[in-house]
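Here is a short briefing on a protein structure. Look at the sequence and the 3D view first, then read the points below.

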Amino acid sequence: MGFIGETVDSVKSIQIRQFLSQVVSFGMIVTSALIIWKALMCVTGSESPVVVVLSESMEPGFKRGDILFLHISEDPIRAGEIVVFNVDGRDIPIVHRVIKVHERLDTAEVDLLTKGDNNDEDDRLLYAQGQSLRSKVREQVLEHDVRHIEEKLEEI
Amino acid sequence: MHSFGYRANALLTFAVTILAVMCAMASLSDNFNSPTPSAQVQVLNINWFQKHQDGNDEVSLALNVSANLQSLFTWNTKQVFVFLAIEYETPMNSLNQISLWDGIIPAKEHAKFWIQTSNKYQFVDQGSNLRGKDFNLTLHWHVMPKTGKMFADKIVMSGYRLPQEYR
């Protein structure tokens with residue numbers, strides 16, 4: 001009885017140890033992935049340093065499913081640059097090119113208009129949520145980036 | 001040590017590493033290319049020049065753009081995005097950049113071109129500052145390589161002026 005009890009105990013302790021060891025390894029892998037992601041966020045300064053292209057609006061340059069690496073820099077945004085932004089209230093990242101820039105003389109504000117290369121229309125309707133829209137959009141740009149942009153609906 | 005799983009893993013890791021190295025080398029080879037692009041833009045006509053009801057000026061121009069961007073293309077170039085922007089200053093804005101026309105050049109054969117067009121995108125000011133305004137026309141190009149980082153450059157052509165009166 002004692003011998004069987006001892007054997008069962010030793011088998012159980014090996015199984016438990018193996019099981020715990022596997023759990024810890026798994027946990028390490030998951031947390032390493034999280035650490036790498038957070039570190040990327042720190043290094044690039046962007047809230048989502050890796051995004052996937054969701055639509056065909058930038059073909060033939062970017063195809064659906066392409067992965068983009070983004071970073072933030074202090075340089076001002078200029079026409080022709082590709083920016084990634086979210087419209088207020090929506091989570092979908094939009095990857096389009098800036099076609100108009102109006103940079104204020106006295107403040108750090110800049111008004112932008114964007115358009116996908118493959119789209120016929122610019123993005124006015126995308127921003128539209130009312131008549132004269134001023135929405136603060138967090139923009140993360142491919143080559144150059146900005147911290148804070150105010151987008152204004154351009155009157156036609 | 002010699003199971004299928006181990007071998008497949010080793011093979012895959014090696015293949016991905018080699019692929020990454022090749023992409024890096026391809027992207028670096030672009031640095032050896034020294035491009036000599038040239039461009040010329042003529043404003044053929046001011047089609048009309050009006051002020052909207054909301055107070056913003058709008059201009060419609062007929063342009064003649066000719067450029068030779070063939071030297072930008074290497075074997076690692078996927079496409080070149082070229083656009084013509086008008087740049088000017090106003091009392092409220094230190095910089096205004098408006099893209100008038102753009103195009104995508106998919107291959108070297110199409111990189112030497114001559115087009116005559118009116119502006120593809122509306123040239124609307126924020127306000128009514130355009131009468132007699134001096135402006136620059138800048139031809140920008142963004143090179144998208146097959147692998148590697150995108151880069152851009154431009155040619156600035158200055159000395160243009162809008163008419164003093166609406167028409």
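The model is predicted. Chain A has two helices and eight strands, and 26 residues of chain B are in contact with 25 residues of chain A. Over all chains, a search of the whole structure finds six salt bridges.

**Fold of chain A**

- Chain A has 156 residues, and 38% of them are buried.
- Consider the contacts in chain A between residues at least 6 apart in sequence: 48% of these join residues at least 24 apart.

**Area and residues at the interface**

- The size of an interface is often given as the accessible area lost when the parts come together.
- Chain B and chain A bury about 2400 Å² between them. Carbon and sulfur atoms carry 53% of that area.
- On the chain B side, the residues that lose the most area to chain A are Gln97(B), Gln126(B) and Met150(B). Together they account for 22% of what that side buries.

**Contacts across the interface**

- How many salt bridges are there between chain B and chain A? The count is zero.
- Polar contacts do occur: 15 residue pairs across the interface of chain B and chain A are in polar contact, with both residues at pLDDT 80 or more.
- Three elements of chain B give two or more residues to the side that touches chain A: strand 3 (77–88), strand 4 (93–105) and strand 7 (134–145).
- Strand 4 of chain B gives the most to this side, with eight residues.
- By residue type, the side of chain B that touches chain A divides into twelve nonpolar, twelve polar and two charged residues.

**Strand pairing between the chains**

- Strand 4 of chain A (residues 93–104) is joined to strand 4 of chain B by five bridges. The two strands run antiparallel.
- Within strand 4 of chain B, Asn93(B) is the residue that stands opposite Arg104(A).

**Salt bridges in chain A**

- Arg104(A) also forms a salt bridge with the side chain of Asp111(A), at 3.0 Å from N to O.
- Are Arg104(A) and Asp111(A) buried or exposed? Arg104(A) has a relative accessible area of 10%, so it counts as buried. Asp111(A) is buried too, because its relative accessibility is 2%. The cut-off for buried is under 20% relative accessible area.
- A salt bridge also links Arg124(A) and Asp122(A), where the closest N and O atoms are 3.1 Å apart. Both Arg124(A) and Asp122(A) are buried.

**A salt bridge in chain B**

- Arg161(B) and Asp134(B) form a salt bridge, and their closest N and O atoms are 2.6 Å apart.
- Arg161(B) is exposed, because its relative accessibility is 57% and exposed means over 50%.
- Asp134(B), with a relative accessible area of 45%, is partly exposed.

Note on methods
Residues numbered from 1 in each chain as written. Chains lettered and ligands numbered in written order. Predicted model: local features only at pLDDT ≥ 70, side-chain atom pairs only at ≥ 80, totals over all residues. Heavy atoms only, no water. Contact = heavy atoms within 4.5 Å. Buried area = accessible area lost by both parts, 1.4 Å probe. Salt bridge = Lys/Arg side-chain N within 4 Å of Asp/Glu carboxyl O. Polar contact = N/O pair within 3.5 Å; in protein donor to acceptor, adjacent residues only side chain to side chain. Helix = DSSP H or I, 4+ residues; strand = E, 2+ residues; numbered from the N terminus. Nonpolar A, V, L, I, M, F, W, Y, C, P; charged D, E, K, R; others polar. Pairing = 2+ DSSP bridges. Buried < 20%, exposed > 50% of the residue type's maximum accessible area, 1.4 Å probe, protein only.
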